[in-house]
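Dear colleague,

The structure is below, with the sequence. Notes on what was found in it follow.

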Amino acid sequence: MNMRRVFGSRWFVSGVSVAVGVGVGAALTQYSSSSSSLSPSSSLLHRLPVIPIPSVSARSELAPYSPPGALIPGGGGGKSAAVMKYGFPSLSNVRSRESYVSSYDPRCRTAAWVIEQLSPETLSGSADRKRCDFKEDESVHVYHRSTNPDYRGSGFDRGHLAAAANHKWSQKAMEDTFYLSNVAPQNPHLNQNAWNNLEQYCRSLTKQFHNVFVCSGPLYLPRQEPDGKMYVKYQVIGKNHVAVPTHFFKVVILENRRGEVELRSYVMPNTPVDDKIPLERFLVPIESIERASGLLFVPNIMKRTNSLQAITAG
């Protein structure tokens, strides 16, 4: 995949302050090729532990992996179970819904990550967005829960992590994406333009790849202040102090019918972004997201495949 290096762009620089914030600027400049192959013996994998696939009990019981298109009647975690194929990037506060799985961050009042599986079957159906309303997640303790009034008048959209349009196959599946535990405060221009473009692009990949797994989440990245020190600063909104991310990430795991896996990882700033900027400019090395978020993706993927290609800007 040939991509022209464009790190000098003022939009890209603001979008990838992740490199500054977590000390991986060198990684962004050293990725000179368009892709890098990762093998089980690579030094990266020796340094990172494997997060096991969990056994979740009670009301969030998860079934074994199901192939794409295997929509279990009545839901019951059928589609959400499919995202377990490559494990979870962390095991804290894991919850399953009709067609996605998330890890909730009670301190920030948003998800730490949300994983969903996209396929032609999930993208088509009679589900109607007009019948959906944003709602509190009553499975979250009231102390740690965000509410609709928190967003009212804040200047931020309730930005979906698992996108509603990804789950047209079931009305309940689409309605589940409207839990406030699946949204985060997002700049309206970003939500309605560049981030929406990235969501549409992920959906288009289902025409090319056998399996498409998408993990989305917020980032809270440090920046240097006038005193020369690095600080993590972010706004909070509403009486529940819902954290406003500085950036958002999206990790896309693509699998072809031969079982070969391609990894694409994106970071966008939570600011207005020109939607004419090519999406490949927001590609970053997966290590930068892992370091910034405290999550791990590569070790779990390598448990399932010996052929992983990480696509980066180059």
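Contact here means heavy atoms within 4.5 Å. By that criterion, residues 24 or more positions apart account for 71% of the contacts in the protein chain with a separation of 6 or more.

This is a predicted model, in which local features need pLDDT of at least 70 and side-chain atom pairs count only at pLDDT 80 or more, while totals for chains, interfaces and linings use all residues. Residues are numbered from 1 along each chain as its sequence is written, and side-chain values use heavy atoms, with hydrogens and water left out.

The protein chain has 11 helices and 14 strands; these are DSSP runs numbered from the N terminus (helices H or I, at least four residues; strands E, at least two). Of its 314 residues, 58% are buried, where buried means under 20% relative accessible area with a 1.4 Å probe, protein chains only.

Two local items:

- Helix α10 spans residues 286–293, and its buried residues are I286, S288, I289 and E290. Just after α10, G294 has a positive phi of about 80°.
- A243 lies in strand β11, residues 242–243. A243 counts as buried because its relative accessibility is 2%. Leaving out residues up to four places away in sequence, A243 touches C108, T110, P185, Y220, Y234, Q235 and V236. Between A243 and S146 the C-alpha to C-alpha distance is 9.8 Å, at 97 residues apart in sequence.

Regards

Technical notes:
Buried < 20%, exposed > 50% of the residue type's maximum accessible area, 1.4 Å probe, protein only.
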